[in-house]
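Morning, everyone. Please look at the screen, and keep the sequence beside the picture as I talk.

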Amino acid sequence: MPATTTSSDLVIGDDGLARPRWASQDQLLMTYYDTEWGMPVTDERGVFERLSLEIFQSGLSWRLILQRRPLLREAFAGFDVDTVARFDDDDVQRLLLDPGVIRNRLKLSSIIKNARATVALREDEPLQEVVWAAKPHVTPRPTSAAEVPSTSAESRLLTKRLKARGFSFVGPTNLFALMEAIGIVDTHLVGSHRRGTSGVWPRD
């Protein structure tokens with residue numbers, strides 16, 4: 001468990017590694033932070049899954065989503081885009097009765113709609129390329145939680161691009177969170193042991 005804190009909102013764990021407070025609450029969040037968050041995801045299925053998880057997370061805790069991720073993957077056929085795109089009203093009803101799923105009709109319908117929009121995107125520019133085109137020229141260098149942005153000019157532009165292509169339940173905030181999660185921006189606090197480890201951005 002965390003041993004000490006620093007003035008920059010970093011917690012030094014018993015392992016001597018510095019992490020933000022949110023990633024130091026328990027082992028589930030710590031493992032996610034240490035192994036996944038901020039690492040590049042560049043394939044269609046992976047980006048679609050992360051986008052879907054960000055939609056599920058809206059208004060809820062990220063820990064809850066991590067807990068339910070295995071069940072969500074099962075319910076959504078491993079987030080296989082083509083399979084989810086074929087879901088119909090019967091599938092929505094099935095999902096609404098599934099206790100392992102975030103049973104919000106709007107979120108469920110949006111994810112199915114987004115799968116269909118992802119299939120349509122393949123004709124021009126695949127989802128992963130559209131999302132990664134939002135990579136900025138520089139990444140934030142937050143030294144405290146208060147300095148971590150929740151949106152950016154790039155996430156606002158990405159919102160417009162995806163909505164224009166038929167995506168729903170996407171906005172500057174959850175798309176910026178997606179950009180953080182898959183390595184498009186690096187918002188690890190300066191001093192964190194994970195800062196600059198994605199290979200996308202240099203250590204600083």
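How are helix 1 and helix 3 oriented to each other? First, a reminder that this is a predicted model. Now the numbers. The axes of helix 1 and helix 3, residues 62-75, come within 10 Å. They cross at roughly 85 degrees. Angles from 65 to 115 degrees count as roughly perpendicular. Helix 1 and helix 3 are therefore roughly perpendicular to each other. Who makes the contact? Helix 1 brings Leu28, Leu29 and Tyr32, and helix 3 brings Trp62, Arg63, Leu66 and Gln67. Sort the residues of that contact and you get 5 nonpolar, 1 polar and 1 charged.

Next, helix 2. Helix 2 covers residues 44-57, and helix 6 covers residues 105-121. Their axes come within 10 Å and cross at roughly 155 degrees. That angle makes helix 2 roughly antiparallel to helix 6, because anything over 145 degrees counts that way. The crossing of these two helices is right-handed. On the helix 2 side, the contact uses Glu44, Phe48, Leu51, Ser52, Ile55, Phe56 and Gln57. On the helix 6 side, find Lys107, Leu108, Ile111, Asn114, Ala115 and Thr118. The contact of helix 2 with helix 6 holds 7 nonpolar, 4 polar and 2 charged residues.

Stay on helix 2, and turn to helix 9, residues 172-181. The axes of helix 2 and helix 9 come within 9 Å and cross at roughly 135 degrees. Helix 2 and helix 9 are therefore oblique to each other. This crossing is right-handed. From helix 2 come Val47, Arg50, Leu51, Glu54 and Ile55. They meet Asn174, Leu175, Ala177, Leu178 and Ala181 in helix 9. The contact of helix 2 with helix 9 divides into 7 nonpolar, 1 polar and 2 charged residues.

Is Arg50 buried or exposed? Arg50 lies in helix 2. Its relative accessibility is 10%. Buried means under 20%, so Arg50 counts as buried. Set aside its neighbours within four places in sequence. Arg50 is then in contact with Tyr32, Glu36, Val41, Arg69, Leu178, Ala181 and Ile182.

How many residues of helix 9 are buried? The count is 8 of the 10, so helix 9 is largely enclosed by the rest of the structure. The buried ones are Asn174, Leu175, Phe176, Ala177, Leu178, Met179, Glu180 and Ala181. What covers them includes helix 1, helix 2, helix 7 (127-132) and helix 8 (153-164). Just after helix 9, Gly183 takes a positive phi of about 90 degrees.

Now the core. In soluble globular proteins, nonpolar side chains tend to be buried together. Here, the largest nonpolar core has 51 residues. Phe56, Phe76 and Ile182 have the most contacts inside this core. Take Ile182, again leaving out neighbours within four places in sequence. Ile182 is in contact with Gly38, Met39, Pro40, Val41, Val47, Arg50, Val131 and Trp132.

One last stop: Ser24. Ser24 lies in the loop between strand 3 (18-20) and helix 1 (27-35). Ser24 is buried, with a relative accessible area of 7%.

Thanks, and over to you.

Methods:
Residues numbered from 1 in each chain as written. Predicted model: local features only at pLDDT ≥ 70, side-chain atom pairs only at ≥ 80, totals over all residues. Heavy atoms only, no water. Axes fitted to C-alpha atoms, helices over the stretch in contact; angles between N-to-C directions. Helix = DSSP H or I, 4+ residues; strand = E, 2+ residues; numbered from the N terminus. Parallel < 35°, antiparallel > 145°, perpendicular 65-115°, else oblique. Left-handed = near helix turned anticlockwise from the far one by under 90°. Contact = heavy atoms within 4.5 Å. Nonpolar A, V, L, I, M, F, W, Y, C, P; charged D, E, K, R; others polar. Buried < 20%, exposed > 50% of the residue type's maximum accessible area, 1.4 Å probe, protein only. Core = buried A, V, L, I, M, F, W, Y, C linked by side-chain atoms within 4.5 Å.
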